[in-house]
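Please examine the sequence and the model shown here. The briefing that accompanies them is arranged by topic.

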Amino acid sequence: MSTSTSAMESLLVENRVFPPSEAMVKAARVSGMDGYNALCAEAEKDFEGFWARLARENVVWNKPFTRTLDESNAPFYQWFDDGELNASANCLDKHIGTPTENKVAVIFEADDGTVTKTTYKELLARVSQFANALKADGVKKGDRVLVYMPMTLEGVIAMQACARIGATHSVVFGGFSAKALQERIIDAGAVAVITSNYQMRGGKELPLKAIVDEGLGMGGCDTIKTVYVYQRTQTACNMVAGRDKTFDEALAGKSTECAPVPVGAEHPLFILYTSGSTGKPKGVQHSTGGYLLWAKLTMDWTFDLKPEDVFWCTADIGWITGHTYVAYGPLAAGATQIIFEGIPTFPNAGRFWQMIERHKCSIFYTAPTAIRSLIKAAEGDAAVHPDRSDLSSLRILGSVGEPINPEAWMWYYKNVGHEKCPIVDTFWQTETGGHMMTPLPGATPLVPGSCTLPLPGIMAAIVDEVGNDIPNGTGGILVVKRPWPSMIRTIWNDPERFKKSYFPEEMGGKLYLAGDGAVRSADRGYFRITGRIDDVLNVSGHRMGTMEIESALVSKTDLVAEAAVVGRPDDLTGEAICAFVVLKRPMPKGDEAKAIAKELRDWVAKEIGPIAKPKDIRFGENLPKTRSGKIMRRLLRSLAKGEAVTQDTSTLENPAILDQLGQAY
């Protein structure tokens, strides 16, 4: 788990600082650095008291908790464990009887531009009706339900309906393959699937139900009793008698009232599968109480949410960002939010900016990959430049999914925010449940490309390989020293993997290992994330294990003998996938190499999903291995970047292979 100090320190040459305006400081929920420091001091002085106060102020409890933190079975920490609540009630019911009940909860814009608006009262009725449909089919508290839906309001309704009856949902991104679905259904032991006939993206109708059928047909999915099918388009899809129901059939005659089922604070709200550095996906398990607290609180703190704001997070519900900042956080905070079905480049690359103008969006939260692609589009076509839209409604901008490079930050700040909107550059993970480090709009001076400082109560640090603190200005490993309420509880059905992955014994078993390298600036102590320390790639904000992609390539048994996958920097996606492949035939060249590379890319897309397709595929007669047979991936990383190999190669069994792999595509 070593990191390159010199490489990381070179990233710190950033002298541009943008303090918050006086008006922003004055009106902010967390006002100035004094406000931030006061919250941090409260957490330092009375850690459990700090979290208990916030939990009582921000969460509606059916049964109040008396125990804040239970560390007796570390690292399986428990928060508020003797309290009871319901997540859906905290997002919907609590607004009923207040002016918020008639406030617009969701502005939904479909791929074709059709807009529908739903109030909190209307949303509660729809969630309750779907919850009753689930109950009627025998879905109960503790059951797992797989959600494979387009980015529509119905996806959020499905998640909220599960939470309402105490069922644990597991959402799978609509770009994943049938095999990925099958693996997740088996691992979670899901009893039902909620899906759609098709999804609309960029004017194209893409199948979902057919992929569900394929996954279920692969075997091992006998736990599935019901498949609910939302008819997103008019195109018919296969329906299996006795198992499949359209939404209309499931909802027919069901009441729009459904009492929320109280659950313990530690009850699993959801399982979200994320890639690991081994082939099997990890089922990240999140609690109900601690997760919901942080979803609500970070909406208030990070986005400085006001009652009149129109919030838009562009993430899909298939990812953690779509869970926390679409399905739960905005609703728990009583916000009006935009949900968008389509893609940022359809019908043109000005879609985001036009939507901000159309819906008077005031808080806009998107990924650096999207920003970089829109920069490129705007440079090539003035008609889709942000200047062509009225963005005066914007108050706060956000970045999520991966570190944003300083020049993309500056473009975003100048061209979208017109130098008046703070950018909250948020660092967090699927496992953390919500933001961990980010500037606060009315408190933190901004530095392009830096996530700045931990939120109050998050005890982050940078350490060496054995957990010792290291000085500012020196690159190291990012850890969190104390548990926090929204943290991962375990890996579903694999507690040993949880301990090994996140609380390694070589660091004492008590430090949460984020898996990222980081460095703190010598002047301000600001954090900057420098990249993964393991073999998980971050492509356009999506985390994928190299082992998963390697396994997919090698499963092409008629063609591939061996494969190794690494990442390399990419201007558009942040990191690109580079695969080194040894074939079961002579090494191809020219057009043959191109044809085989295309075949392998398509194969990976089928096995995992299009986001996992390697950008580069290089062929060789072998891979660089030690005499013990271990593939030396650090050498492959240098080759992927186009760098000369300067590392020690004395342990290599076949050093000549480096020249071949350095040239061969």
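Residues are numbered from 1 along each chain as its sequence is written, and side-chain values use heavy atoms, with hydrogens and water left out.

**Confidence**
- The chain has a mean pLDDT (the predictor's confidence in each residue, from 0 to 100) of 92, and 95% of its residues reach 70 or more.
- Residues 1-12 have pLDDT below 50, and this stretch makes 30 contacts beyond near neighbours in sequence; contact means heavy atoms within 4.5 Å.
- Where pLDDT is low, the predicted coordinates should not be read in detail.

**Annotated domain**
- An unreviewed UniProt entry assigns residues 36-91 the annotation "domain: Acetyl-coenzyme A synthetase N-terminal"; such annotations may be inferred rather than shown by experiment.
- Residues 36-91 are 48% helix and 11% strand, with end C-alpha atoms 27 Å apart; helices (H or I, at least four residues) and strands (E, at least two) are DSSP runs, numbered from the N terminus.

**Helix α17 and Glu 550**
- The buried residues of α17 are Thr 546, Glu 548, Ile 549, Glu 550, Ala 552 and Leu 553; buried means under 20% relative accessible area, exposed over 50%, and partly exposed in between, with a 1.4 Å probe and protein chains only.
- These buried residues pack against several elements, including β28 (560-570), β29 (574-583) and α19 (633-640).
- Glu 550 lies in α17 (residues 546-554) and has a relative accessible area of 6%.
- The Glu 550 side chain reaches the backbone nitrogen of Val 565 at 2.8 Å.
- Apart from neighbours within four places in sequence, Glu 550 contacts Ala 563, Ala 564, Val 565 and Arg 633.

**Ser 393**
- Ser 393 sits in the loop between α14 (368-380) and β19 (396-399).
- Ser 393 is 83 residues from Val 310 in sequence, with a C-alpha to C-alpha distance of 9.1 Å.
- Beyond neighbours within four places in sequence, Ser 393 contacts Ile 356, Lys 360, Cys 361 and Ser 362.

**Cysteines**
- The count of disulfides is zero, where a disulfide is a pair of cysteine sulfur atoms within 2.5 Å.
- Cys 162 is buried at 0% relative accessibility, and its sulfur is too far for a bond because the closest cysteine sulfur, in Cys 258, is 12 Å away.
- Cys 237 is partly exposed at 24% relative accessibility, and the closest cysteine sulfur to its own, in Cys 221, is 18 Å away, too far for a bond.

How values were computed: This is a predicted model: local features need pLDDT of at least 70, side-chain atom pairs count only at pLDDT 80 or more; totals for chains, interfaces and linings use all residues. A polar contact is a pair of N or O atoms within 3.5 Å; within protein, one must be able to donate a hydrogen and the other to accept it, and residues adjacent in sequence count only if both atoms are side-chain atoms.
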